[in-house]
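Here is a report on one protein chain, read from its fold down to single side chains. Keep the structure open while reading.

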Amino acid sequence: MESRKHIGQLRWAPYRAHLVRWHQALAAAGFPDVQPTHGNNLFRHLRREGSRITEIAEQAQLTKQHIGNLADYLEERGYVERVPDPEDGRAKLVRLTAKGREVERVAEETLQRLEDELTARLGASRMAMLRELLAELDDALES
């Protein structure tokens, strides 16, 4: 009987490749201490003006304690800062510093290069079809 990969495995391999390349590019740009977990669980959920730990935790579907630990790690290294929330003086917002915005810039450039490589390999029409199908799959899985 032929072994057949299930859809989760087919989605995981490209994602894993993206994570590895993302981390390598950040390390090469001088940010070796930023790990994929920081990108997946904190950076991608931060609003420009900053976000509360509770908001990030809810979006990442992780505990406030875990997100707080990630924020502590990144704050100690100068990637994020905590500032008073203008809507509630008791609360704090986590927001990117200039160093954090540089990480974001390098990450975005890296991910764009990866998409460009995939487009060159698959062709523009097949890549557009892949994006459309994956978007439909994501929508179906979230509803």
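## Order of elements

From the N terminus on, the elements of the protein chain run α-α-α-α-β-β-α-α. That makes six helices and two strands. The model is predicted.

The C-alpha atoms fill a box of roughly 60 × 35 × 30 Å along the principal axes. The chain has 143 residues, and buried residues make up 31% of them. Among contacts with a separation of 6 or more, 48% join residues 24 or more positions apart.

## Helix 1

Helix 1 covers residues 7-28. Its 22 residues reach 32 Å from the first C-alpha to the last. The span expected at 1.5 Å a residue is also 32 Å.

Which residues of helix 1 are buried? They are Leu 19, Trp 22, Ala 25 and Leu 26. Helix 2 and helix 5 are among the parts that cover them. Just after helix 1, Gly 30 takes a positive phi of about 100 degrees.

## Helix 5

Helix 5 runs over residues 98-122. At 1.5 Å a residue, its 25 residues should span 36 Å.

The buried residues of helix 5 are Gly 100, Val 103, Glu 104, Val 106, Ala 107, Thr 110 and Leu 114. These residues pack against helix 1 and strand 2, the latter being residues 88-96. Just after helix 5 comes another glycine with a positive phi: Gly 123, at about 95 degrees.

The model has 15 salt bridges. One of them joins the side chains of Glu 104 and Arg 48, with N to O at 3.0 Å. Why does this pair tie together parts that are apart in sequence? Glu 104 lies in helix 5, while Arg 48 sits in the loop between helix 2 (36-41) and helix 3 (53-60), so the bridge spans 56 residues of sequence. Glu 104 has 19% relative accessibility and counts as buried, because the cut-off is under 20%. Arg 48 is exposed, with a relative accessible area of 60%.

Asp 85 forms a salt bridge with Arg 52, and their closest N and O atoms are 2.7 Å apart. This pair also links distant parts of the chain. Asp 85 belongs to strand 1 (residues 80-85), Arg 52 to the loop between helix 2 and helix 3, and 33 residues separate them. Is Asp 85 buried or exposed? At 7% relative accessibility, Asp 85 counts as buried. Arg 52 is partly exposed, at 26%.

## Other salt bridges

Asp 88 pairs with Arg 90 in a salt bridge, the closest N and O atoms being 3.1 Å apart. Arg 90 is exposed, at 76% relative accessibility.

Elsewhere, salt bridges form a network. Asp 33, Glu 76 and Arg 77 are its linked residues.

## The largest pocket

The largest pocket has a volume of about 1100 Å³. It is lined by 27 residues. Which of them are closest to the centre? They are Pro 14, Tyr 15, His 18, Leu 111 and Glu 115.

Helix 1, helix 2, helix 5 and helix 6 (124-142) each supply at least two lining residues. The largest share comes from helix 1, which gives eight residues. By class, the lining has 16 nonpolar, four polar and seven charged residues.

## A backbone exception

Gln 61 is not a glycine, yet it has a positive phi of about 60 degrees. Where is Gln 61 found? It is in the loop between helix 3 and helix 4, the latter being residues 64-76. Gln 61 counts as exposed, at 72% relative accessibility.

Methods: Residues numbered from 1 in each chain as written. Predicted model: local features only at pLDDT ≥ 70, side-chain atom pairs only at ≥ 80, totals over all residues. Heavy atoms only, no water. Salt bridge = Lys/Arg side-chain N within 4 Å of Asp/Glu carboxyl O. Helix = DSSP H or I, 4+ residues; strand = E, 2+ residues; numbered from the N terminus. Buried < 20%, exposed > 50% of the residue type's maximum accessible area, 1.4 Å probe, protein only. 1 Å grid on protein atoms, 1.4 Å probe; cavity = no way out; pocket = protein on both sides within 12 Å on 5 of 7 lines; lining within 4 Å. Points joined across faces, edges and corners; volume = space filled by probe spheres on them. Nonpolar A, V, L, I, M, F, W, Y, C, P; charged D, E, K, R; others polar. Expected span 1.5 Å × (residues − 1). Contact = heavy atoms within 4.5 Å.
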